[in-house]
Amino acid sequence: MASTSASRSDGVSSRIRRAASTLNSDNQLLVSDIRKALNMMKDIAVDLERDNQSDMVKQLENAVAELVEAHENCLHYSSAIHSVAEAYRPGPELTDFKKLLDTEFEKVKADSSSHSQNHPLMHQFEQAVWNVHHAGQPMPGEEQEDIIMTSTESSIKNLKCPLTGKHITELTEPVRSMDCKHIYEKNAILIYIKSHHNNAKCPESACPKMVHAKRVICDPLLLIEIEEQRTFSRQTARTDVVEDFTEMEPHDEDST
């Protein structure tokens with residue numbers, strides 16, 4: 001009897017985890033759509049700024065702030081769903097999953113230090129608009145180093161695969177650990193895990209997390225973030241070319 005009860009309990013827990021996985025996937029797709037919308041709004045704001053339509057840009061900025069908050073709430077819900085599913089154990093009473101999720105969501109949100117106004121996505125929007133007329137200049141109250149840090153900040157934790165050494169924008173099939181969020185080339189990490197007999201620690205230096213074949217995935221957000229990184233790298237390269245050309249100009253004048 002005890003064995004049957006335990007088996008039934010494990011079966012319920014497994015179903016809850018599968019349901020949570022489905023909810024998480026749907027939520028991640030929503031996050032992905034929000035990121036696409038934010039990038040589109042950023043491009044529109046840049047065009048408006050070029051036309052000196054400051055009022056329209058301000059309206060877009062307010063809308064972006066609201067969307068960034070929704071983006072963060074989606075991420076908090078993903079964390080809450082995962083936590084509830086992992087901790088759930090069937091009991092004699094009916095479980096109020098809505099209450100559990102709401103409680104966990106508030107806990108995750110309280111632990112988060114991000115705010116829409118100082119969020120990296122918000123800063124990227126402001127930076128793109130600022131660069132229209134002030135390319136290469138720090139925004140008010142910032143140093144040049146701050147621009148580099150905040151412009152590249154996102155949930156990307158490593159820019160190179162620790163196994164292949166390739167930049168994440170050059171990976172053939174990028175995947176991310178669901179536990180430590182580090183990014184790898186899929187084939188390389190699966191071979192690495194297998195070679196360690198499925199008892200492998202993340203190959204990223206100083207990361208204490210373990211990596212498991214079933215928990216390294218290409219989540220919906222990963223490809224978008226890699227594309228954002230690719231775009232940022234191209235923009236940085238163009239800025240460097242402009243700076244190099246500018247530095248050459250005095251030399252050319254002296255030689256004439």
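# Briefing: cavity, helices and aromatic pairs

V132 counts as partly exposed, because its relative accessibility of 25% falls between the 20% limit for buried and the 50% limit for exposed residues. This residue lies in helix α4, and its C-alpha atom is separated by 9.9 Å from that of A45, 87 residues away along the chain. The model under discussion is predicted.

**Helix α4**

- Helix α4 comprises residues 120-134.
- The 15 residues of α4 should span 21 Å at 1.5 Å a residue, and the distance of 19 Å between the end C-alpha atoms agrees with that expectation.
- The buried residues of α4 are P120, L121, M122, H123, Q124, F125, Q127, A128, V129 and W130.
- Just after this helix, G136 adopts a positive phi of about 85°.

**The cavity**

- One cavity of 30 Å³ or more is present in the structure.
- Helix α1 gives the most to the lining of the largest cavity, namely four residues.

**Helix α3**

- Helix α3 has 15 residues, and from its first C-alpha to its last it reaches 21 Å, close to the 21 Å expected at 1.5 Å a residue.
- The buried residues of α3 are E104, F105 and V108.
- Viewed down the axis of α3, these buried residues fall within an arc of 110°, so they line one face of the helix.
- K99, T103 and A110 are exposed on the other side of α3.

**Aromatic pairs**

- Two aromatic pairs are counted in the model.
- Y77 and F105 form a stacked pair, with 4.1 Å from centre to centre and 15° between the planes.
- This pair links distant parts of the chain, as Y77 lies in helix α2 (residues 54-87) and F105 in helix α3 (residues 97-111), 28 residues apart.
- Y77 counts as partly exposed because its relative accessibility is 33%, a value between the 20% and 50% limits.
- F105 is buried, because its relative accessible area is 6%, and the limit for a buried residue is under 20%.
- Y88 and F97 form a tilted pair, with 5.1 Å from centre to centre and 50° between the planes.
- Y88 is buried, with a relative accessible area of 11%.
- F97, at 30% relative accessibility, counts as partly exposed.

- F105 takes part in the stacked pair with Y77 and is one of the buried residues of α3.

Key. Residues are numbered from 1 along each chain as its sequence is written. This is a predicted model: local features need pLDDT of at least 70, side-chain atom pairs count only at pLDDT 80 or more; totals for chains, interfaces and linings use all residues. Side-chain values use heavy atoms; hydrogens and water are left out. On a 1 Å grid over the protein atoms alone, a cavity is a set of points where a 1.4 Å probe fits but cannot get out, and a pocket is an open set with protein on both sides within 12 Å along at least five of seven lines; lining residues have an atom within 4 Å of a point. Grid points are joined across faces, edges and corners, and a volume is the space filled by probe spheres set on the points. Helices (H or I, at least four residues) and strands (E, at least two) are DSSP runs, numbered from the N terminus. The expected span of a helix is 1.5 Å times one less than its number of residues. Buried means under 20% relative accessible area, exposed over 50%, partly exposed in between (1.4 Å probe, protein chains only). Rings of Phe, Tyr and Trp (its six-membered ring) pair if their centres lie within 6.5 Å; planes under 30 degrees apart count as stacked, over 60 as edge-to-face and the rest as tilted. The arc is that of the directions from the helix axis to the C-beta atoms.
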